[in-house]
Amino acid sequence: MNAQAFHILEFDQLRALVRGGAQTSMGRARVDGLGPLETLEELQEALAASAECVQLRKRGATWSFSELRDPAEPIARLRIEGTSLEPITILELARICEQAMSARAAIMAEREESPVLTRIVANLPRELNSIAARVANKILPSGELDDRASPELARIRHEITKLRSSITRSLENLMRRSEEAVQDELVTIRNDRFVIPVKSDHRGHIKGVAHGFSSSGATAFVEPLETIDANNELQSVRETEEREIYRILFTLTEELRLQLAGIEMAADAIAELDFINAKAVFHQNFKCVIPEISAGTLEFSEARHPLLEESLRASGSAVVPVSFSLADKRDSMIISGANAGGKTVVLKTAGLLSLMALSGLPVPARRAQVPFFASVLADIGDHQSLAANLSTFTSHVANISRMIELCRAPALVLLDEVGTGTDPEEGSALGVAVVDHFRRVCNAYVMATTHYSGLKVYAANEERVQNASVEFDDKTLRPTYRLLVGVAGSSSGLEIARRFGISDEIVGAASASVNDSTRQATEYLRRIKSESEQAATLRQALEEERAAVAEKFASLEKDADKKERQRQTSFQAALEKVVDDFERRSRELLATIQDRSERLKLERETQRRVAELKREAQRAASTSRGREPSVAPTSTSYRPVRVVREGQVVTGSQATGASLKASGQDLAAPEDAHYVAADARDIVVGDHVRLSSFGSVGIVDSIKGGEAEVRVKSLRFREKLENLELVEETTPVKREGGRFSKLRPTNNTTVQLGSSDENARSELNVIGQRADEAVDAVDKFLDAASLGGLSQLRIVHGHGTGALRRAIAELLKDHPHVARFTAAPQDQGGSGATVVELRQ
């Protein structure tokens with residue numbers, strides 16, 4: 001990257017803003033070294049780390065680093081064998097270990113959402129926690145060793161305390177005995193020895209060693225002879241204490257030295273996490289977005305220059321955001337418009353935000369896409385220099401010449417007032433040539449500002465170049481700083497001159513001198529701007545209308561979903577009520593049947609019917625979303641029925657439409673295809689009738705008092721005549737292959753549907769059928785086998801994709817007839833068949 005571009009775009013000032021979010025000197029050093037990253041992989045990882053940190057901060061998973069100094073010097077000393085560190089230095093290293101492990105715990109708790117941050121701390125050794133705890137137990141925050149640092153230190157300090165107390169008592173007694181010679185009854189310390197203040201003219205009254213005099217010379221500090229031995233002993237114990245302290249510190253230093261690699265990792269992790277956290281703080285302070293690194297699009301939506309925004313905050317003002325996009329098909333932009341209207345700010349915003357994105361920083365915008373530029377080059381501002389003999393024009397030309405040499409694709413080139421400072425016609429031509437060279441030869445994205453009509457016309461005629469302008473309010477004669485893409489702008493120089501105090505006479509004379517073509521071009525640009533504003537207003541109104549329609553549609557869809565959920569809930573509740581009532585009534589009826597075998601068969605049939613009812617109801621509910629279910633359960637009516645078996649009348653209750661089986665024979669046949677309704681007439685003994693309460697067909701044995709006794713297989717029922725339906729039997733007509741195709745009425749002859757050998761089949765082949773067809777076939781096969789008294793079956797489904805096997809297994813798992821099932825032995829089909837054992 002060009003160093004001059006960093007200076008022009010004020011990247012150092014940007015670093016200072018980010019630096020304010022760092023908590024440690026290591027983090028601030030990392031910010032000071034901030035710059036565009038060398039490889040795309042490094043950049044993607046840096047942006048991902050920033051994004052993860054931002055998300056963790058939103059969830060409250062943060063870390064903080066405080067009272068941490070740069071550990072470089074202590075770590076360097078640790079590398080020297082035999083050295084011992086001071087208590088404060090040991091404490092600082094322990095804080096690094098503790099805070100690094102605390103940050104690790106916070107990140108590892110969110111490791112699923114923060115893989116990049118996790119890699120930074122994952123390898124920190126757990127031993128850092130224990131060594132930090134040991135240091136904290138031995139060294140106080142002030143840097144002094146705790147008395148409990150070792151048992152020996154505790155004993156020594158206890159002895160020191162006793163000696164001090166003994167010496168103090170002795171000196172106090174001596175001062176009371178020699179009050180006339182003592183200046184103040186105060187025990188003091190000189191040269192680490194306990195002394196008493198004695199008047200200089202009374203030194204002879206107290207024998208001892210003088211350790212100095214007061215500044216006035218009136219007081220001598222004397223160590224009496226009687227405490228010299230005690231003081232000597234105290235000094236000896238203190239020396240022992242120093243040796244013990246040194247031993248403890250050396251031991252702690254050695255423990256730290258053993259963990260030197262881990263401490264270095266912790267220091268690096270803290271520096272990196274503090275640096276990443278500083279970027280997250282910047283993200284929060286400036287309402288940033290994590291930029292996307294695109295293949296060929298430079299796009300900023302509602303972008304703001306962070307340095308300008310920081311400057312305006314103090315005055316309570318806000319930055320006017322800008323939005324624009326450059327892509328492969330529209331790779332350049334010519335920005336025109338009024339002076340002081342913000343053209344240069346647009347260039348600096350695009351350049352600085354691009355450098356920020358390439359450095360892994362969030363950018364202040366609503367959306368940002370930046371290519372992985374190899375070069376960001378800028379010629380902005382006046383670089384004239386008397387010392388270098390450079391005028392405004394020559395300084396620009398010299399800088400552009402260097403930019404052409406340095407340009408490496410893909411590049412972003414920013415040119416402010418390109419071609420300015422010389423003859424307008426030549427400058428305009430040079431500007432067009434320079435922009436075209438950067439586009440075509442250097443394959444660069446180019447953004448240039450200008451007042452030259454030649455560049456505006458060039459942008460209008462070139463398919464890959466677009467015009468843009470900074471808005472100028474003709475009514476207030478002030479710039480609005482809005483960027484209008486697609487419209488060239490007029491310079492409005494005369495209006496601005498009037499605004500800044502040039503007299504109307506001078507402005508009027510200048511306006512009269514402007515040629516007609518220039519005036520017409522200016523008016524044309526203003527008209528285009530007005531039409532563009534009208535189109536923008538209309539587009540905004542259409543967008544608002546579209547949003548309102550979308551919101552209304554979403555509301556309707558939400559209401560529909562809510563009603564559907566309520567319908568499903570009601571349906572499920574009604575279904576459960578019907579099933580519960582059916583099961584309860586079935587249990588009541590079964591309790592009245594004394595024959596154990598009959599009762600067991602009826603229980604199995606009840607379980608099968610309940611499961612079948614649930615399956616059918618769920619299937620109907622799933623296929624009738626958005627409308628009333630075709631088999632929605634309704635309130636079920638019950639009527640008492642009397643069951644007569646073997647001359648014994650049993651009273652029970654039964655739900656309408658429900659069914660039971662007894663003696664292995666079907667009592668419920670709502671779908672009996674071999675009976676059809678007969679012509680209406682009075683029911684007589686011997687007629688076939690259908691019981692409306694069961695749906696079963698039986699024969700009328702007797703009629704008495706409006707009630708008929710109906711025989712259904714081996715059971716007898718008493719039912720009112722109005723609850724019976726007169727039916728007649730039908731005879732199936734055979735077709736080729738022995739199957740039955742249709743039925744015709746007969747007289748009192750019961751016909752069995754299907755071939756006779758199906759009653760006792762023990763094997764079913766469903767290969768080639770769809771899963772739903774196979775499941776229905778197996779379900780009926782199990783019913784027939786249970787009625788036939790079979791104990792073991794074989795279902796052949798083949799290998800294939802396994803869909804048939806899984807669907808059949810799902811049915812068998814909860815089927816009331818099935819005791820257990822397993823894959824067939826190898827000699828019977830292996831996994832291509834399933835062996836089923838039925839309940840007995």
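**Charges over rings.** I started with Arg313: its charged end sits over the ring of Phe286, 4.4 Å from the centre. I note here that the model is predicted. I then looked up Arg190. It lies over the face of Phe221, at 4.1 Å from the ring centre.

**Aromatic pairs.** How many aromatic pairs does the structure hold? I find five. I looked at Phe6 and Phe11, which form an edge-to-face pair. Their centres are 5.2 Å apart, and the planes make 85°. Are Phe6 and Phe11 buried or exposed? Both are buried.

**Helix 3.** I went through residues 25–32, which make up helix 3, and listed the buried ones: Met26, Gly27 and Val31. They span an arc of only 140° around the axis, so they lie on the same side of helix 3. What do these residues pack against? I find helix 2 (11–19) and helix 11 (260–285) as their partners.

I traced an open sheet with the strand order 5-9-6-7 and mixed pairing. Strand 5 (292–294) and strand 7 (322–326) are at the edges. Each has a single partner strand, so one side of each has no neighbour in the sheet. From one strand to the next, the twist averages 25°.

Next I checked how strand 6 (residues 298–303) meets strand 9 (residues 367–371). They pair in the antiparallel sense, over three bridges. Which residue of strand 9 stands opposite Glu299? I find Gln369 there. I also looked up helix 13 (residues 343–358), which lies across strand 5, strand 6, strand 7 and strand 9. Helix 13 runs at about 110° to strand 6.

I traced another open sheet, made of six strands in the order 10-11-12-8-13-14. The pairing is mixed here.

I then looked at strand 8 (residues 332–337) with strand 12 (residues 444–449). These pair in the parallel sense over four bridges. Ser332 stands opposite Val446 of strand 12. Helix 16 (residues 453–461) packs on this sheet and touches strand 8 and strand 13 (465–473). The direction of helix 16 makes about 130° with that of strand 13.

**Backbone angles.** Before this step I wrote myself a reminder: most residues other than glycine have a negative phi, and most peptide bonds are trans. I then looked for exceptions.

- Glu302 has a positive phi, near 55°, and is not a glycine. I place Glu302 in strand 6. Its relative accessible area is 38%, so I log Glu302 as partly exposed.
- Tyr481 also is not a glycine, yet its phi is positive at about 70°. Tyr481 lies in strand 14 (residues 478–485). With a relative accessible area of 45%, Tyr481 is partly exposed.
- The peptide bond from Ala409 to Pro410 is cis, with omega near -5°. Where is Pro410 found? I find Pro410 in the loop between helix 14 (392–406) and strand 11 (411–415).

How values were computed
Residues are numbered from 1 along each chain as its sequence is written. This is a predicted model: local features need pLDDT of at least 70, side-chain atom pairs count only at pLDDT 80 or more; totals for chains, interfaces and linings use all residues. Side-chain values use heavy atoms; hydrogens and water are left out. Buried means under 20% relative accessible area, exposed over 50%, partly exposed in between (1.4 Å probe, protein chains only). Helices (H or I, at least four residues) and strands (E, at least two) are DSSP runs, numbered from the N terminus. The arc is that of the directions from the helix axis to the C-beta atoms. Contact means heavy atoms within 4.5 Å. Two strands pair if DSSP finds at least two bridges between them. Axes are lines fitted to C-alpha atoms, for helices over the stretch in contact, and angles run from 0 to 180 degrees between N-to-C directions. Rings of Phe, Tyr and Trp (its six-membered ring) pair if their centres lie within 6.5 Å; planes under 30 degrees apart count as stacked, over 60 as edge-to-face and the rest as tilted. A charge sits over a ring if NZ of Lys or CZ of Arg is within 6 Å of the ring centre and within 35 degrees of the ring normal.
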